[in-house]
Each structure stands twice: as structure tokens, then as C-alpha cells.
Amino acid sequence: MKIAIIGATGKGLTVAAYLQKIYPDVTILDVPMEPLEQIQSRGVTIYSSTTFLTNFVVKPIEACASDYDFVFLFAHPFYNKNILPILKSTLQERCFIVSFQENLSDWELIQSFQNFPVLSAVCKFETYVKQHHQVVVTSPHTSLKSCF
């Protein structure tokens, strides 16, 4: 199973790290290059009840592949004008789109991806980015564990 995480945010990187424990083919895509460069060179350390380091394939959004099975949207809504058209023109219809963007309405998401299965979700854990390659999970571990 191929998974793309759009947005090198704290929640995006945390979900990617946990998904990568089950599915090794996880790619981080984003618009700004600075976090991607640091993630590529240093990996990502997730600080929660257990601390672990993981490495990802990282790419700019323009390098999005067409064969992902799931695409998780965590990017800042400011970048939607760049991200959504690229995804719509690149992805195959069998791909699931899962949005964690609170500022992206379900209607807008469904209109953007009419032929795709679309899910809208909410994260029940909180994070903050210490540095581009370090994420601290600030919610109790049980909240994060229930997501996976």
C-alpha cells in the first residue's frame, strides 16, 4: 500500500511515522522546501510516550505520483490553491483522499475530487513542531494509540 502525507506538519509527520510502522511505503509531500530538506537529511524524531526516529521519502508536491492508495491532507490551508489542482490532475480515481484540514469544507473537498472516495477526519491528539525534524506529541499516549 502506498501512502502520501501532504503537509510536513506536526500531526502529518506523527501520523506518517505511525503509519510507516505498518506500511513501509509512506511519502511526505509539501509545498515549502525547508522542512522537506531537513526531514530528508535528519529523519524525523517523534517524542511521545515512546520516542523514535524514522526516515521518509520526501518530495515537493509537484513530484506527486499517480499510484497512491491513500492521500492524507495535513497541509496548511494557505497551500490548497497549489495542492488541490496538482492532486486532482495527478491521482488515479481509486485513491482515497482523507482530509484533516479543519478549514477545508467537506463540500469543497468533494467538489475538488468528485470521482474519488473522500473522507473528512479530525485528529484527537495534539503536537507541536520543535524543529522541522522533531515533533512532540503533547496529548496522552492513549489518545494517539486509539487513532492506530
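User: Where is the place of Lys11 in this structure?

Analyst: Lys11 sits in helix H1. Keep in mind that this is a predicted model.

User: Is Lys11 buried or exposed?

Analyst: Start with the cut-off. Buried means under 20% relative accessible area. Lys11 has a relative accessible area of 17%, so it is buried.

User: Which residues is Lys11 in contact with, leaving aside neighbours within four places in sequence?

Analyst: Lys11 is in contact with Phe74, Cys123, Phe125, Glu126 and Thr127, once neighbours within four places in sequence are set aside.

User: Now the whole helix. How many residues has H1, and how far does it reach?

Analyst: Compare the span with what is expected at 1.5 Å a residue. Helix H1 covers residues 10–22, which makes 13 residues. From its first C-alpha to its last it reaches 19 Å, close to the expected 18 Å.

User: Why is H1 described as largely enclosed by the rest of the structure?

Analyst: Count the buried residues. In H1, 11 of the 13 residues are buried, so the rest of the structure largely encloses this helix. Among them are Leu13, Val15, Tyr18 and Leu19. Gly10, Thr14 and Gln20 are on the list of buried residues too.

User: How do I read a nonpolar core?

Analyst: In soluble globular proteins, nonpolar side chains tend to be buried together. Here, the largest nonpolar core has 26 residues. Ile5, Leu13, Ile28, Phe56 and Phe72 have the most contacts inside it. Several elements each supply at least two residues of this core, including strand S1 (3–6), strand S2 (26–30) and helix H2 (33–42). H1 gives the most, with 6 residues. A second, separate core of 21 residues includes Leu73, Ile86, Leu87 and Phe116.

User: Which residues of helix H3 are buried?

Analyst: Helix H3 spans residues 80–90, and Asn80, Ile83, Leu84, Ile86 and Leu87 are buried in it. The cover over these buried residues includes S1, strand S6 (70–73) and helix H4 (106–112).

User: What does Pro85 count as, and how far is Pro85 from Leu73 in space?

Analyst: Pro85 is also found in H3. With 47% relative accessibility, Pro85 counts as partly exposed. Then compare sequence with space. Pro85 and Leu73 are 12 residues apart in sequence and 13 Å apart in space, C-alpha to C-alpha.

User: Where is the place of Thr51?

Analyst: Thr51 lies in the loop between S3 and strand S4 (52–54). Thr51 has 48% relative accessibility and counts as partly exposed. Leaving aside neighbours within four places in sequence, Thr51 is in contact with Thr45 and Ile46. The C-alpha atoms of Thr51 and Asn82 are separated by 33 Å, and these residues are 31 apart along the chain.

User: How do I read a pocket?

Analyst: Rolling a probe the size of a water molecule over the atoms shows where empty space is left. In this model, the largest pocket has a volume of about 230 Å³. It is lined by 13 residues, and the closest to its centre are Lys11, Phe74, Phe100, Gln101 and Glu102. By class, its lining has 7 nonpolar, 4 polar and 2 charged residues.

User: What volume has the second largest pocket, and which residues line it?

Analyst: The second largest pocket has a volume of about 160 Å³. Its lining includes Gly7, Asp30, Pro32, His76, Tyr79 and His132. The class count for this lining is 6 nonpolar, 4 polar and 1 charged.

Key: Residues numbered from 1 in each chain as written. Predicted model: local features only at pLDDT ≥ 70, side-chain atom pairs only at ≥ 80, totals over all residues. Heavy atoms only, no water. 1 Å grid on protein atoms, 1.4 Å probe; cavity = no way out; pocket = protein on both sides within 12 Å on 5 of 7 lines; lining within 4 Å. Points joined across faces, edges and corners; volume = space filled by probe spheres on them. Nonpolar A, V, L, I, M, F, W, Y, C, P; charged D, E, K, R; others polar. Helix = DSSP H or I, 4+ residues; strand = E, 2+ residues; numbered from the N terminus. Expected span 1.5 Å × (residues − 1). Buried < 20%, exposed > 50% of the residue type's maximum accessible area, 1.4 Å probe, protein only. Core = buried A, V, L, I, M, F, W, Y, C linked by side-chain atoms within 4.5 Å. Contact = heavy atoms within 4.5 Å.
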